[in-house]
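Biologist: I have the sequence and the model open side by side. Could you take me through the fold and answer some questions as we go?

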Amino acid sequence: MIRPTLSIRKVPAHEIVLFDPPPDAAYTIEALAHFVDVPRRTIMVYCKHRLLSPALTEHGYYFDCQGIRALRRIEALRPICGDDLAGIKIILDLTDALERLHWKVSSLSRTSAPASEKEKQRRTRTISSRKTKAKLSPRRKKK
């Protein structure tokens, strides 16, 4: 009996590259719907529930890069949370607060790094000065 051989080819992995808009760009609701592949009506529901905060002008709603980012997060949470928009709002608020705290901690650690380096140098000088004093001072022998 002849066994057929299966050949498995490795398919190169393709990364999905999302459109990352410039920070100063503003997009209409139609453009946002196209970028994120979400219906316009769904975006309006998210705005009604204050999940998205568009800028309202005489020409309609406009969204910045943060709006695109928020809409992508909402769409990522929808399979998990379902139609619980209040729960999604809580998760988005907590995520934003966590990112702000992370940014503050990282900025504080960057500014305090030189101070801690100075503290290390001071400790090193103190330890080496103690060693020098110990070498210079005569030790008494115990009887």
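Biologist: What share of the 143 residues in the chain is buried?
Modeller: Buried residues come to 19% of the 143 residues. Please keep in mind that this is a predicted model.

Biologist: And how much accessible surface does the chain have?
Modeller: The accessible surface is about 12,700 Å², and 58% of that area belongs to carbon and sulfur atoms.

Biologist: Which secondary structure elements are there, and how do they run from the N terminus?
Modeller: The chain has four helices and three strands. Their order from the N terminus is β-α-α-β-β-α-α.

Biologist: How are the strands arranged in the sheet?
Modeller: The three strands form an open sheet in the order β1-β3-β2, and the pairing is antiparallel.

Biologist: How many bridges join β1 to β3?
Modeller: Two bridges connect β1 with β3, which spans residues 60–63, and these strands run antiparallel. Tyrosine 27 has phenylalanine 63 of β3 as its bridge partner.

Biologist: What comes before β1? I was looking at proline 22.
Modeller: Proline 22 sits in the segment before β1. Its relative accessibility is 40%, so proline 22 counts as partly exposed.

Biologist: Which residues does proline 22 touch, leaving aside those up to four places away in sequence?
Modeller: Proline 22 touches Tyr27 and Cys65 on that count. Cysteine 65 is 43 residues from proline 22 in sequence, while their C-alpha atoms are 6.9 Å apart in space.

Biologist: For the chain as a whole, what part of the contacts with a separation of 6 or more joins residues 24 or more positions apart?
Modeller: Such pairs account for 53% of those contacts.

Biologist: Let us turn to the helices. Which residues of α1 are buried?
Modeller: Helix α1 covers residues 29–36, and its buried residues are Ile29, Ala31, Leu32, Ala33 and Val36.

Biologist: What do the buried residues of α1 pack against?
Modeller: They pack against β1, α2 (40–48), β3 and α3 (65–81).

Biologist: Which residues in the largest nonpolar core touch the most other members?
Modeller: Ile43, Leu52 and Leu71 do, in a core of 22 residues. The elements that give two or more residues to this core are α1, α2, α3 and α4 (85–136).

Biologist: What does isoleucine 43 touch, again without residues up to four places away in sequence?
Modeller: Isoleucine 43 touches Ile29, Leu32, Ala33, Val38, Leu52, Phe63 and Leu71.

Biologist: Is aspartate 37 buried or exposed?
Modeller: Aspartate 37 is exposed, at a relative accessible area of 68%.

Biologist: What about arginine 50: where is it found?
Modeller: Arginine 50 is in the loop between α2 and β2. Phi of arginine 50 is positive, near 60°. Its relative accessibility is 63%, so arginine 50 counts as exposed.

Note on methods. Residues are numbered from 1 along each chain as its sequence is written. This is a predicted model: local features need pLDDT of at least 70, side-chain atom pairs count only at pLDDT 80 or more; totals for chains, interfaces and linings use all residues. Side-chain values use heavy atoms; hydrogens and water are left out. Two strands pair if DSSP finds at least two bridges between them. Buried means under 20% relative accessible area, exposed over 50%, partly exposed in between (1.4 Å probe, protein chains only). Contact means heavy atoms within 4.5 Å. A nonpolar core is a set of buried Ala, Val, Leu, Ile, Met, Phe, Trp, Tyr and Cys residues joined through side-chain atoms within 4.5 Å. Accessible areas come from the Shrake-Rupley method with a 1.4 Å probe; for residues, only the protein chains shown count as cover.
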